[in-house]
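Visitor: I'd like to learn how to read helix packing and ring contacts in a model like this one. Where do we start?

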Amino acid sequence: MTADSHDSSSQTSPESQTPADERRPVCIVGLGLIGGSLMQALAAAGRDVYGYNRSTTTVDAALGAGYDASTDLVSTLRRAADDDALIVLATPVTTIDPLLSAVAQTAPDCLLTDVISVKQAVAEKVSRLHPHARYVGGHPMAGTSRSGWTACNPTLFGDAMWMVTTEDHTDPADWTTVARLALEVSAVVVPAAPDAHDRAVAAISHVPHLLAADTAAVGAGESNLALRLAAGSFRDGTRVAATEPALQRAMIEANDVAVLNALSEAIDRLTQARDELRDSGSVAALIDDGHRARMAYEEMAARGREPIVGVTVGAHGWASEMRRQAHEGRVWLG
């Protein structure tokens, strides 16, 4: 029997189908675009969800909209400890050190995840500041160039890819709880190791942010004529450059090694294109490579969700097999 012939319902074990885990309260630390959208999506799904944000303006807006929010971190974490809540860190990686310390002191036994765009840097901080944490990392590939509570959207995660950290030592029950959180807000789970995730997002997110910034700067460099003529290519190619600069820097600089490698490849390709244009009047190599890559992306999108099959969460080798199939483009559908 081939792997494709297995029923995808074999992906989970009976032990991982725990109603208490599925419906446990969720405590979100940080109510910006991602954290706030997650709060709204979970509330719409009927989950008991509450959160913390240091900004009184944000909390007042959340409360005014009928959500459960507080500016008191310690009391929020005490509540999470009493509820055995799933805690979600949803702030930039540069701000999580004191939050991790507070979680370690106040709610040390709670399952912990995050929605931060780098994974190795977060894992290292968790290991240093909360070494006994039950931690399963996460990263939803969703967002807009806007930020803050006013940008939140409860449908933000619909059909979005949500990476869930999958390592050989990952507890299967904890992994399933985090993965099902993503499914509950209509996302699609992609298992990956932290380093593989960081290399991937460097290539498809972080370097594109730098290229978008470069394109925007070049386009606006000489006069307003170029900006007046700008249409789809400029608009689409520079969209992410409108993101708050501090947020862009936080995610890119926290992933510096992977970004350096991907950026070096991008620079090498551009340098080769420049030299070929100068020497032979052609940019065919780069254009052809890019066209093939874009067509491969569109072909994968057209195939839709290809599920991970033949894997029972918690069985011997489950995590490595999840990762292997994810590298083939498959996703976990629960």
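Guide: With handedness: a crossing is left-handed if the near helix is turned anticlockwise from the far one by less than a right angle, and right-handed if clockwise. This is a predicted model, where local features need pLDDT of at least 70, side-chain atom pairs count only at pLDDT 80 or more, and totals for chains, interfaces and linings use all residues. Residues are numbered from 1 along each chain as its sequence is written, and side-chain values use heavy atoms, with hydrogens and water left out.

Visitor: Which hand does the crossing of α8 and α12 have?

Guide: Right-handed. Helices here are DSSP runs (H or I, at least four residues; strands are E, at least two), numbered from the N terminus.

Visitor: And how do I describe the packing itself?

Guide: Two packed helices are described by the angle between their axes and the distance between the axes. Axes are lines fitted to C-alpha atoms, for helices over the stretch in contact, with angles from 0 to 180 degrees between N-to-C directions. For α8 (residues 194-219) and α12 (residues 256-280), the angle is about 60° and the axes are 8 Å apart. The two are therefore oblique to each other; under 35 degrees counts as roughly parallel, over 145 as roughly antiparallel, 65 to 115 as roughly perpendicular, and the rest as oblique.

Visitor: Which residues of α8 and α12 meet?

Guide: Contact means heavy atoms within 4.5 Å. Among them are A202, A203 and H206 in α8, and A258, V259 and A262 in α12.

Visitor: At what angle do α4 and α5 cross?

Guide: Roughly 45°, with the axes of α4 (residues 73-83) and α5 (residues 96-106) coming within 9 Å. That makes α4 oblique to α5. Their crossing is right-handed, and the contact includes L73, V74 and L77 of α4 and L99 and A102 of α5.

Visitor: Now the rings. How many aromatic pairs are there?

Guide: Phe, Tyr and Trp rings (for Trp, the six-membered one) pair if their centres lie within 6.5 Å; planes under 30 degrees apart are stacked, over 60 edge-to-face, the rest tilted. The structure holds four such pairs. F157 and W162 make a tilted one, 5.3 Å centre to centre with 50° between the planes.

Visitor: Why is the pair of W175 and W318 edge-to-face?

Guide: Because their planes sit at 70°, with the centres 5.5 Å apart. This pair links distant parts of the chain, 143 residues apart: W175 is in α7 (residues 172-184) and W318 in α14 (residues 318-327). Ring pairs link W175, W318 and W332 into a cluster.
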